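Let's take a friendly walk through this model, from its strand pairing to its ring contacts. Have the viewer open as you read.

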Amino acid sequence: NWSAIKLGSAIGANWTFDFEGGVSDNLWTTSSAHGLSLDDVVMFTNSGGGDTGYSVNIPYYVVNVPSTTTVQLSASLGNRITEGDANSDGNWSAIQI
């Protein structure tokens, strides 16, 4: 028998990635408050394209929370910010795990 687990609930809405040139480089912004704190773990469930430095179904750790609608992420706990390589083309979706 197989069992299913719920990984998490959706956080924020319409996530976009700013590679550089904004208020802060490598910054994720969502259109509604995300409620995240340092060391929380998130995973993107849908790619809006553009940046290839981030992927869906990979856990990322919150390493900086500049505001209620922005975060910077790392691929490993306590590590430096994961750098992207381009702005996102569209909206991404994320869950907290």
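How many bridges join strand β4 to strand β7, and in which sense do the two run? Four bridges join β4 (residues 41-46) to β7 (residues 93-96), and the strands run antiparallel. Before going further, please keep in mind that this is a predicted model. Two of the facing residues in this pairing can be picked out by name: M43 stands opposite I95, and F44 stands opposite A94.

**The sheet**

On to the next neighbour: β3 (residues 27-29) and β6 are joined by two bridges in the antiparallel sense, and W28 stands opposite V71.

| Strand pair | Sense | Bridges |
|---|---|---|
| β4 and β7 | antiparallel | four |
| β3 and β6 | antiparallel | two |

**Strand β6**

Is β6 buried or exposed? Five of the five residues of β6 (residues 70-74) are buried, so the strand is largely enclosed by the rest of the structure. Both of its faces are covered: on one side T70, Q72 and S74 are buried, and on the other V71 and L73 are buried.

**Rings and the core**

A pair of aromatic rings is described by the distance of the centres and the angle of the planes. The model has 10 aromatic pairs. One of them is W28 with F44, a tilted pair at 4.4 Å centre to centre and 35° between the planes. This pair links distant parts of the chain, since W28 sits in β3 and F44 in β4, 16 residues apart. W28 counts as buried because its relative accessibility is 0%, under the 20% limit. F44 is buried too, with a relative accessible area of 1%.

W28 has a further ring partner in W92: this pair is edge-to-face, at 5.1 Å centre to centre and 75° between the planes. It also links distant parts of the chain, with W28 in β3 and W92 in the loop between β6 and β7, 64 residues apart. Both W28 and W92 are buried. Ring pairs join these residues into a cluster made up of W15, F17, W28, F44, Y54, Y60 and W92.

In soluble globular proteins, nonpolar side chains tend to be buried together. In this model the largest nonpolar core has 14 residues, and those with the most contacts inside it are W15, W28, F44, Y54 and L73. The elements that give two or more residues to this core are β4, β5 and β6.

Which residues does F44 touch, leaving out those up to four places away in sequence? Among them are W15, W28, Y54, Y60, L73 and W92, along with S93 and A94. The list also includes S55, V56, N57 and I58.

**Two partly exposed residues**

Where does D25 lie? D25 is in the loop between β2 (16-18) and β3. D25 is partly exposed, because its relative accessible area of 38% falls between the 20% and 50% limits. Leaving aside neighbours within four places in sequence, D25 is in contact with D18, F19, E20 and Q72. The C-alpha atoms of D25 and I81 are separated by 9.8 Å, although the two residues are 56 residues apart along the chain.

P59 lies in strand β5. P59 counts as partly exposed as well, at 34% relative accessibility. Not counting residues up to four places away in sequence, P59 touches V41, V42, A75 and I97. P59 and I97 are 38 residues apart in sequence, while their C-alpha atoms are 7.9 Å apart in space.

Conventions. Residues numbered from 1 in each chain as written. Predicted model: local features only at pLDDT ≥ 70, side-chain atom pairs only at ≥ 80, totals over all residues. Heavy atoms only, no water. Buried < 20%, exposed > 50% of the residue type's maximum accessible area, 1.4 Å probe, protein only. Pairing = 2+ DSSP bridges. Contact = heavy atoms within 4.5 Å. Phe/Tyr/Trp six-rings, centres within 6.5 Å; stacked < 30°, edge-to-face > 60°. Core = buried A, V, L, I, M, F, W, Y, C linked by side-chain atoms within 4.5 Å.
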